[in-house]
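Subject: Structure for your files, with notes

Hello,

Here is the structure I said I would pass on. My notes on it follow below.

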Amino acid sequence: MNSATQSSPTTVGSAKIIKPRSTFRLLLQNRLAALGLFFIVMWTVAALVAPLVAPYAPNAPDTSIKLQGPSAEHWFGTDNFGRDIFSRVLYGAQISIWTGLIAVGISFCIGVPLGGIAAYYGGVTGNVIMRVMDTLLAFPSLVLAMAIAASIGPGLISAMIAVGIVGIPEFARLMFGQTVSLREKEFVEACRATGVKDSIILFRHIFPNALAPLLVRATLGMGFAILTAASLSFLGLGVKPPISEWGAMISEGREYIISGEWWLVTFPGLAIATSILGFNLLGDGLRDVLDPRLRSSR
Amino acid sequence: MQPLLSITGLQTEFVTHAGVVRAVDGVDLVLHKGETLGVVGESGCGKSVTSLSIIGLLPKGQSRIASGDIRFEGKSLPSLSDAEMRKIRGNRLAMIFQEPMTSLNPVFKIGHQISEAVRFHLKLGKKAAWEHSIEMLRKVGIPRPEQIADEYPHQLSGGMRQRVMIAMAMACNPQLLIADESTTALDVTIQAQILDLMRDLQKTEGTAILMITHDLGVVAEMCDRVVVMYAGQVVEETDVKTLFRDPKHPYTKGLMASLPQLAGDQTRLQSIPGNVPNPLEMPPGCRFAPRCSFRIDACDRVKPELLEVEAGHKCRCLLYEEVEA
């Protein structure tokens with residue numbers, strides 16, 4: 001926030017989301033956000049190049065080398081089936097990032113329209129939508145995700161859907177608040193005065209003005225989605241073996257913590273921690289960078 | 001000749017927790033093609049509600065047109081469906097708002113915002129609409145219209161933004177332009193420029209203007225006829241010259257007296273004592289009676305009618321009713 005006002009004193013009050021380049025530069029000036037971005041880029045690259053750089057097949061068991069500690073051949077050691085943990089963590093990045101993207105995509109694509117409609121049209125419809133959202137929000141998110149995942153049936157897809165549904169109310173509430181305040185803005189009334197349809201006003205005029213906080217929320221939501229999906233996998237409601245997923249790896253490796261094979265849980269644990277930290281740091285940074293515009297645009 | 005806009009007995013109500021508030025109570029207005037009608041009154045007298053009733057932008061669910069009719073180009077506006085009304089809004093009937101700083105969407109380019117209405121109403125393609133927008137910007141006297149169309153609202157000054165608002169409103173060549181306090185937020189030099197611009201456009205396009213303002217200076221400069229509103233009612237209606245030369249209603253007289261005078265040794269500005277009455281507790285007789293310096297006993301009991309006291313000069317005051325009687 002400080003960096004925003006310092007670096008561009010003349011453009012305070014300007015619409016900065018329009019200029020992705022300056023937003024990006026401001027973001028990099030925030031060291032924590034840059035660190036977050038580094039973690040995200042690192043895991044995204046890992047996910048993309050996993051098939052090329054992984055030294056071993058992620059799901060190929062070799063019992064002759066099971067439970068070996070980190071070494072030159074197996075950087076992160078091997079698990080109880082002799083699978084290379086480094087390769088599995090790399091492949092796990094694919095699953096986790098996809099889970100995050102799809103789950104947040106579901107939350108965003110359902111939550112935002114619901115919140116927008118509830119706020120813009122109000123009345124009974126709006127009340128019903130928001131009370132349902134409040135009800136969903138009242139459940140502890142992991143318990144709700146477990147219930148949904150269990151009712152659809154365990155598996156990667158159902159984990160994504162479950163995590164996505166759990167995230168809907170957050171987006172709906174955020175969009176609701178944004179729309180309620182934007183709805184009364186004069187440019188919206190001016191739009192109506194030129195004969196623009198309500199649905200077009202909502203999605204073409206209000207939505208872009210509400211985008212900045214929604215983006216921040218989506219970034220933070222990625223971390224939450226990866227964590228919840230990993231938790232579901234840990235509990236046996238996510239991916240099925242032998243697919244390498246970080247939460248599932250921890251779940252499978254937890255018996256070996258006591259017997260001294262710490263590497264089974266530590267490396268996937270670190271992967272989860274850094275990727276979530278990355279998204280949270282980036283989200284916080286984005287909020288700081290985008291906020292001055294929001295405050296001055298009214 | 002059939003008037004462009006005629007409002008008869010318009011009553012607009014707001015439903016509040018305290019009860020039903022009748023913000024506009026029996027307003028009659030007539031506006032002919034190419035004419036400028038001023039609607040004057042202090043805050044809360046129902047000017048803006050009248051304009052929102054015309055354009056159909058009253059807040060949904062909280063307000064309604066209780067009775068009366070608004071006829072525009074022969075159509076009764078309150079009876080139109082939303083879709084039919086949308087076709088008229090921005091096309092035949094346009095509005096300029098008070099606040100140019102917040103009436104443009106901050107995330108869209110100027111050209112894009114003007115194009116939107118043009119594409120919808122004139123059924124033009126993207127490119128043609130963009131060119132039309134540039135043409136409109138040129139018409140409202142914006143320098144370098146090609147570049148300005150490509151800029152965002154925050155890059156323009158208040159006066160420029162109001163010009164853009166006018167360009168947007170005029171883009172589809174409306175028959176009636178409602179200007180709701182559209183120059184109030186601008187400083188006086190820019191105000192004069194904008195008024196000039198509106199007058200020029202009116203001359204070339206033949207648009208009628210409904211000028212809603214509390215500024216008698218703007219009225220004197222712009223309007224052909226004036227309607228003075230008080231507490232949701234029309235209290236006086238006449239042409240602009242007569243209004244300034246010979247105001248009839250005590251409220252209008254009070255407004256005139258509160259104008260700063262250049263000549264004379266007046267040291268303080270005059271004001272009308274008291275406030276606009278609470279719409280929930282309207283005085284039983286004349287609504288202006290509690291503040292009126294010409295009050296007679298009957299004012300507290302008898303509701304005055306809007307009567308023609310001279311040819312083309314209507315006034316709602318018992319003083320003139322008695323003269324007639």
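A residue counts as buried when its relative accessible area is under 20%, as exposed when that area is over 50%, and as partly exposed in between. By that cut-off B:Gln191 is buried, because its relative accessible area is 11%. Please keep in mind that this is a predicted model.

B:Gln191 sits in helix H7 of chain B, which covers residues 188–205. Neighbours within four places in sequence aside, B:Gln191 has contacts with B:Thr183, B:Leu186, B:Asp215 and B:Val218.

Other places in chain B

B:Ser67 belongs to strand E4 (residues 63–72) of chain B. With a relative accessibility of 28%, B:Ser67 is classed as partly exposed. If residues up to four places away in sequence are not counted, B:Ser67 touches B:Gly9, B:Leu10 and B:Gln11. From B:Ser67 to B:Thr242 there are 175 residues in sequence and 31 Å in space, taken C-alpha to C-alpha.

B:Ser79 is in a loop of chain B, between strand E5 (75–76) and helix H2 (82–88). B:Ser79 is exposed, at a relative accessible area of 58%. C-alpha to C-alpha, B:Ser79 and B:Ile142 lie 39 Å apart in space, and in sequence they are 63 residues apart.

Helix H10 of chain B (residues 250–257) is largely enclosed by the rest of the structure, because 6 of its 8 residues are buried. The buried residues in H10(B) are B:Pro250, B:Tyr251, B:Thr252, B:Gly254, B:Leu255 and B:Met256.

Cysteines

How many disulfides does the structure hold over all chains? The number is 0. B:Cys292 is in no disulfide, and the nearest cysteine sulfur, which belongs to B:Cys299, is 6.1 Å away. For a disulfide the two cysteine sulfur atoms would have to be within 2.5 Å. B:Cys292 is buried, with a relative accessible area of 16%. A:Cys109, by contrast, is exposed, and its relative accessible area is 55%.

Chain A as a whole

Chain A is made up of 11 helices and 0 strands, and along the sequence its pattern reads α-α-α-α-α-α-α-α-α-α-α. The C-alpha trace of chain A spans about 75 × 45 × 30 Å along its principal axes. Chain A has 298 residues, of which 50% count as buried. Among contacts in chain A with a separation of 6 or more, 72% are between residues 24 or more positions apart.

Two packed helices are described by the angle between their axes and the distance between the axes.

The H7(A)–H9(A) crossing is right-handed. By class, the residues of this contact between H7(A) and H9(A) are 19 nonpolar, 4 polar and 3 charged.

Helix H8 (residues 186–193) of chain A also packs on helix H9 (residues 198–234) of chain A, at an angle of about 160 degrees and with the axes 11 Å apart. H8(A) is therefore roughly antiparallel to H9(A), and the crossing of H8(A) and H9(A) is right-handed. From H8(A), the residues A:Phe187, A:Val188, A:Cys191 and A:Arg192 meet A:Ile201, A:His205, A:Ile206 and A:Asn209 of H9(A). The contact of H8(A) with H9(A) comprises 5 nonpolar, 2 polar and 1 charged residues.

The remaining pair on my list is helix H3 (residues 31–53) with helix H4 (residues 85–121), both of chain A, whose axes come within 8 Å and cross at roughly 130 degrees. That angle makes H3(A) oblique to H4(A). The crossing of H3(A) and H4(A) is left-handed. On the H3(A) side are A:Trp43, A:Thr44, A:Ala46, A:Ala47, A:Ala50, A:Pro51 and A:Val53, which meet A:Val89, A:Leu90, A:Tyr91, A:Ala93, A:Gln94 and A:Ile97 in H4(A). This contact of H3(A) with H4(A) has 11 nonpolar, 2 polar and no charged residues.

Regards

Technical notes
Residues are numbered from 1 along each chain as its sequence is written. Chains are lettered from A and ligands numbered from 1 in the order in which they are written. This is a predicted model: local features need pLDDT of at least 70, side-chain atom pairs count only at pLDDT 80 or more; totals for chains, interfaces and linings use all residues. Side-chain values use heavy atoms; hydrogens and water are left out. Axes are lines fitted to C-alpha atoms, for helices over the stretch in contact, and angles run from 0 to 180 degrees between N-to-C directions. Helices (H or I, at least four residues) and strands (E, at least two) are DSSP runs, numbered from the N terminus. Angles under 35 degrees count as roughly parallel, over 145 as roughly antiparallel, 65 to 115 as roughly perpendicular and the rest as oblique. A crossing is left-handed if the near helix is turned anticlockwise from the far one by less than a right angle, and right-handed if clockwise. Contact means heavy atoms within 4.5 Å. Ala, Val, Leu, Ile, Met, Phe, Trp, Tyr, Cys and Pro count as nonpolar, Asp, Glu, Lys and Arg as charged, and the others, Gly among them, as polar. Buried means under 20% relative accessible area, exposed over 50%, partly exposed in between (1.4 Å probe, protein chains only).
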